[in-house]
Each structure stands twice: as structure tokens, then as C-alpha cells.
Amino acid sequence: MVASSLALHTDHMTGDARATTFVTGAAGFIGTELVKVLVAGGHRVFALAQSIEAAHRVRRAGAIPVIGDLLEPGQWQDDAATDWVFHLPPHPECGPCVTSRRAASIARARVLIDAHLLDAVAAGATRRIVYVADTSYYGGTGQRPITEDEPSRTSARRRCLTFALDRLDGYVAAGLPIVTAFPGWVYGNGSWFRQRVIDPVMAGRRVVQCGKTGPWVSPIHVEDCARALVYLAEHGRAGGRYFLVNSDPIRLHEFAGTFARLANRPLRVWQMPAAAARLVLGPVRIDDLQADAVFSNIRLRGIGFRFRYPTLEQGLQQVLGALHE
């Protein structure tokens, strides 16, 4: 089950040879789609899997599973020495109450995870590392799109991530070819969108919403997100940050409303009171669901990336097509 270390991992590619790649978080929503995009492009993909179930999932997507845990050093670190490395760290589960101690614990774990991977490939011939962060690090933005150079605002999730991203700058300064990606609201036939929109709408159940319209957010289809990550490995500037989002922001509640309309299903909604939402979901999740988070993709488009699903409606038509298939 564990892939052996191969010399070709660190060989410089010549001619039309495809990059060998190593993907962490490959069994997740974005990671699985990324593996599919890489395999479709002819790349040999090694995917870190923490369990046998995850190994089966990444194998079905076309990757060679490598058993290991980012929190523990091991043989997987040798297998990480590929041409391209895509690091999709686990999303921090901050819980309903983020104490200073809890935030510090999450931050330490994230730094340890990053160090186990980045230190392992630092001395090799890896040509590009694409580090996948989270736009929630920037906090609430207001309704005006911000660029990657905007300073982050205080937020519960920022307390969990800021130390790791500060350390990442140190690796960049030391010469590691790291490109940092910040996806927005990633949707598709899976993960949160499947659980909170597709399943309840198709079954005639109520969709839970906070407030009347929801905040302004920047979406991106999961396939476009995966394609953009590969594009950054090819064209992104080392040390650069890139928002992965569509050009047009939407109201959060448009996800369910547009999907129900395209599916020709009635939309039934249960609006959770704000006080109850904060109590049940906690400050991190409530920030995500109530604060405007609007980001500019001008830097991504400036290096030539083009979206396959540039609007929410086009993306949701693909989701419906996949459901019908």
C-alpha cells in the first residue's frame, strides 16, 4: 500500500515529461478533485492517506496511496520528494468556543504538520510547493473586494492560522518555492454543499440559514479550484499569494436559492436566530456565515487562468448534471 521512494521523484523533468506530484489532504473534497485533475493531465500522483479508507478513496481517484500521518514523521516524508507538492492541511475544527489555549493548540499542530512536510522536501529538487490556506484567515472584508496584499483582520480563525502562515514566510525567505493559494467558498457535489444544500433540497427538507440574505461571499466551483491549484504549480510566482475565487460575489443564500431553481424544486428554509446560531455554531463558524468575505481574483487572472465555471449558475448546472448521471 505504501509507495516506495523513487529516484524519479527528484529528477529534473525534460521535454514533455509530466511532473510527479505529492498531495496531502488528497482524500478530502478539494484534494480528491485535485488528484483527478492531475491524473487527467498525465501526472503521476502520490497521495498521503491517513487510513485504509482514505487510501481506497485516493486510489479510486487515480493516485498511488502513501500511508502516513502529517503529525508523525515517517517513510511518507521520503515519498514527498516529488517535482510538485500540493499541501492541503486539515481544516482546523475550532469548536463552538475558541479559548486562547485552544487556538494555541491548533496553531502548534498546524506548524508541526507544515514542518514535517516542508523540512522533508527542503533539501530536495522539488520545483514548486502549492500551499492551500483559507480566505477566512483575512477575516471580514466588507462588500469591497480585497486583494492578497490587504492586511488580515482580527477573527477567531485567524488566531488559529496566523502563526503557521508567518512561519511559511520564513520558508519562502529560505528559498523554498512556495505558492500560497486562498480558496473562497468551494462548492460542488460533495462536502458542505452536498450536506447543507443538495440533500435537503432534493429531499424536500428545510435548508438551515442564518439571517435573511446572508453575507456577500466569493464562490468557486471545486473543479475550477483544483484546476487553479495545478495552474499555480505551473505559472504561480514563488512567494506569491493568490485568491481562488470567481469574479462576481454572491449572497450566501444564493447557493440554495439558485440550486433549488435550477433543480425545479421548492426551497424550504428554516432561519436560525442569530443568538441561537452563535451559541450552537460558535464564533468561528458564525463569522463565516455572517461576515462579508469578498476577494479579488485579478492576480490569478493576471497570470492567465481562465474559469470553466465563471458564474454560480454555470457551476450549479454542472453539479445537477453530475447528479443526473
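Q: What makes strand 1 and strand 4 a pair, and in which sense do they run?
A: In this predicted model, strand 1 (residues 20–23) and strand 4 share 3 bridges. Pairing needs at least two bridges, so the two strands count as paired. The sense is parallel. Val23 stands opposite Phe86 in strand 4. The bridge partner of Phe22 in strand 4 is Val85.

Q: How do you know that strand 4 also pairs with strand 5?
A: Strand 4 and strand 5 are joined by 4 bridges. The requirement is at least two, so this is a pair as well. The two strands run parallel. Val85 stands opposite Ile129 in strand 5.

Q: Why are strand 3 and strand 12 said to stand at the edges?
A: The open sheet has 7 strands in the order 3-2-1-4-5-7-12, with parallel pairing. Strand 3 (64–67) and strand 12 each have a single partner strand, so one side of each has no neighbour in the sheet. On average, neighbouring strands of this sheet are turned by 20° against each other, direction ignored.

Q: Which residues of strand 4 point one way, which point the other way, and are they buried or exposed?
A: Trp84 and Phe86 point one way from strand 4. Val85 and His87 point the other way. All of them are buried; that label requires under 20% relative accessible area.

Q: What makes a set of residues a nonpolar core, and how many residues has the largest one?
A: Members must be buried nonpolar residues joined through side-chain atoms within 4.5 Å. The largest such core has 39 residues. Those with the most contacts inside it are Val23, Leu34, Leu38, Phe86, Leu229 and Leu244. Several elements each supply at least two residues of this core, including helix 1 (29–40), strand 2 (44–49), strand 4 (84–87) and strand 12 (241–244). Helix 7 gives the most, with 9 residues.

Q: Which residues does Leu38 touch, not counting residues up to four places away in sequence?
A: Leu38 touches Thr21, Val23, His43, Val45, Trp84, Phe86 and Val230. A contact here means heavy atoms within 4.5 Å.

Q: Why are helix 6 and helix 11 called roughly perpendicular?
A: Helix 6 (residues 191–203) and helix 11 (residues 312–324) pack at an angle of about 85°. The class covers 65 to 115 degrees. Helix 6 and helix 11 are therefore roughly perpendicular to each other. Their axes lie 13 Å apart.

Q: Which residues meet where helix 6 contacts helix 11?
A: Helix 6 brings Phe193, Arg194 and Ile198. Helix 11 brings Leu316, Val319 and Leu323. The residues of this contact divide into 5 nonpolar, no polar and 1 charged.

Q: Why does Ser191 count as partly exposed?
A: The relative accessibility of Ser191 is 35%. Buried means under 20% and exposed means over 50%. The value for Ser191 falls in between, so the residue is partly exposed. Ser191 belongs to helix 6. Its phi is near 55°, a positive value in a residue other than glycine.

Q: What makes the phi of Asn264 worth noting?
A: Most residues other than glycine have a negative phi. Asn264 is a residue other than glycine, yet its phi is positive, near 60°.

Q: Why does Asn264 count as exposed?
A: Its relative accessibility is 68%. The cut-off for exposed is over 50%, so Asn264 counts as exposed. In helix 8 (residues 254–263), by contrast, Phe255, Ala256, Thr258, Phe259, Ala260 and Ala263 are buried.

Q: How do you know that Pro151 is exposed?
A: Pro151 has 57% relative accessibility. Exposed means over 50%, so Pro151 qualifies. Pro151 lies in the loop between strand 6 (142–146) and helix 5 (156–173). The C-alpha atoms of Pro151 and Tyr138 are separated by 7.2 Å, at 13 residues apart along the chain.

Q: How many helices and strands does the chain have, and what share of its residues is buried?
A: The chain has 11 helices and 15 strands. Buried residues make up 51% of its 325 residues.

Note on methods
Residues are numbered from 1 along each chain as its sequence is written. This is a predicted model: local features need pLDDT of at least 70, side-chain atom pairs count only at pLDDT 80 or more; totals for chains, interfaces and linings use all residues. Side-chain values use heavy atoms; hydrogens and water are left out. Axes are lines fitted to C-alpha atoms, for helices over the stretch in contact, and angles run from 0 to 180 degrees between N-to-C directions. Angles under 35 degrees count as roughly parallel, over 145 as roughly antiparallel, 65 to 115 as roughly perpendicular and the rest as oblique. Ala, Val, Leu, Ile, Met, Phe, Trp, Tyr, Cys and Pro count as nonpolar, Asp, Glu, Lys and Arg as charged, and the others, Gly among them, as polar. Buried means under 20% relative accessible area, exposed over 50%, partly exposed in between (1.4 Å probe, protein chains only).
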